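Please read them with the coordinates open.

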Amino acid sequence: MNTNSHQTLGEFIIENQADFIYSSGELSRLLSSIKLATKVVNYKVNKAGLVNILGEFGNENVQGEKQQKLDVFANETFIETLSQREVVCGIASEENEDFIAIQPSKNSKNSKYVVLIDPLDGSSNIDVNVSVGTIFSIYHRVTEPGTPVSIEDFLQPGNKQVAAGYVIYGTSTMLVYTTGNGVNGFTLNPGIGTFYLSHPNMCIPEDGHIYSVNEGNYVKFPQGVKNYIKYCQAEEEDRPYTSRYIGSLCSDFHRNMLKGGIYIYPSGTNNPNGKLRLLYECNPMAFIAEQAGGKASDGFQRIMDIEPTELHQRIPFFCGSKNMVEKAEEFMRQEELK
């Protein structure tokens with residue numbers, strides 16, 4: 001694999017598309033459409049304060065959460081861009097109650113892919129200038145090409161993903177993705193609007209010294225999580241660990257991937273099953289984590305082996321450095337056995 005830092009994302013996709021199990025050039029077009037939508041959303045995110053696009057749009061999404069104006073813009077941008085490239089037969093978005101079936105054209109009647117997307121993750125942080133992101137997941141449809149997509153095309157376990165990635169709109173804009181052959185990161189040069197390979201072969205350290213959890217919910221956490229947090233805070237050996245929590249999944253995950261750490265959003269908060277969505281957040285991040293040598297679990301089992309039962313299913317999420325996740329699972333199992 002070419003790790004030249006001057007290599008563009010487009011060049012990298014084309015050069016490495018043979019790694020993709022269904023290689024036919026469609027992956028290149030699909031990832032290119034995501035890249036294009038990312039650039040449009042990036043522009044809006046960075047201009048948010050200037051164009052007065054901040055604030056609530058006045059509606060709630062299917063989760064009952066207030067939609068921000070940028071949420072709506074990002075959602076519409078990704079749906080429109082993906083729909084026009086004639087390689088996607090269906091889209092499911094965290095912002096929409098149901099999936100969207102793309103009407104096939106003569107050129108796209110055999111489209112094989114469905115995309116699941118969280119268009120603007122962490123959007124509650126927009127107005128305080130904290131990094132937000134986009135998370136995407138790509139599957140090969142299971143129903144017959146040429147027919148309308150159905151719910152079963154989207155309710156696939158994460159181990160069936162053929163690509164996944166995230167984008168961080170921060171001090172620099174980065175796109176990180178995997179097609180099951182390692183993880184690579186690309187940084188946007190805003191002057192010319194091109195993503196360049198900046199982080200080849202990304203790996204999560206097996207051990208870390210950062211734990212990321214909203215400790216404001218501590219009293220509601222399962223006892224296993226409480227015990228693990230106390231373990232992280234204990235003064236012995238290489239501990240206590242450092243607590244770092246941004247509240248934007250892309251940012252927390254990205255930091256821990258580079259520096260080593262664990263991200264936890266357990267059950268027992270205001271959301272009995274956890275807050276994060278299996279299909280839009282947990283599965284894609286789990287795929288990236290595993291490809292980078294990390295681990296992702298619900299506290300007891302591998303995230304990517306969970307069989308989804310609904311589009312907006314929520315689950316507990318433990319993700320990051322392999323040894324840290326396994327230690328957290330150990331505490332969870334100990335309590336389960338009592």
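1. Two strands are taken as paired if DSSP finds at least two bridges between them, and strands themselves are DSSP runs of E with at least two residues, numbered from the N terminus. The model discussed here is a predicted one.

2. In the hairpin of S8 and S9, 4 residues lie between the strands, and Gly180 takes a positive phi near 95 degrees. The two strands, S8 (residues 173-178) and S9 (residues 183-189), run antiparallel and are joined by 5 bridges, with Val176 having Gly185 as its bridge partner in S9.

3. Strand S7 (residues 161-169) is also antiparallel to S8, to which 6 bridges join it, and the partner of Ile168 in S8 is Met174. S7 and S8 form a hairpin as well, with 3 residues between them.

4. How many of the residues of S8 are buried? The count is 6 of 6, so to be buried here is to have under 20% relative accessible area. Both faces are covered, with Thr173, Leu175 and Tyr177 buried on one side and Met174, Val176 and Thr178 buried on the other.

5. Helix H7 (residues 322-336) has 15 residues and reaches 21 Å from its first C-alpha to its last, close to the 21 Å expected at 1.5 Å a residue. Its buried residues are Met324, Val325, Ala328, Glu329, Phe331 and Met332; seen down the axis of H7, they fall within an arc of 155 degrees and therefore line one face of the helix. These buried residues pack against helix H4 (223-233) and against strands S11 (210-212), S13 (262-265), S14 (295-297) and S15 (317-320).

Technical notes. Residues are numbered from 1 along each chain as its sequence is written. This is a predicted model: local features need pLDDT of at least 70, side-chain atom pairs count only at pLDDT 80 or more; totals for chains, interfaces and linings use all residues. Side-chain values use heavy atoms; hydrogens and water are left out. The expected span of a helix is 1.5 Å times one less than its number of residues. Buried means under 20% relative accessible area, exposed over 50%, partly exposed in between (1.4 Å probe, protein chains only). The arc is that of the directions from the helix axis to the C-beta atoms. Contact means heavy atoms within 4.5 Å.
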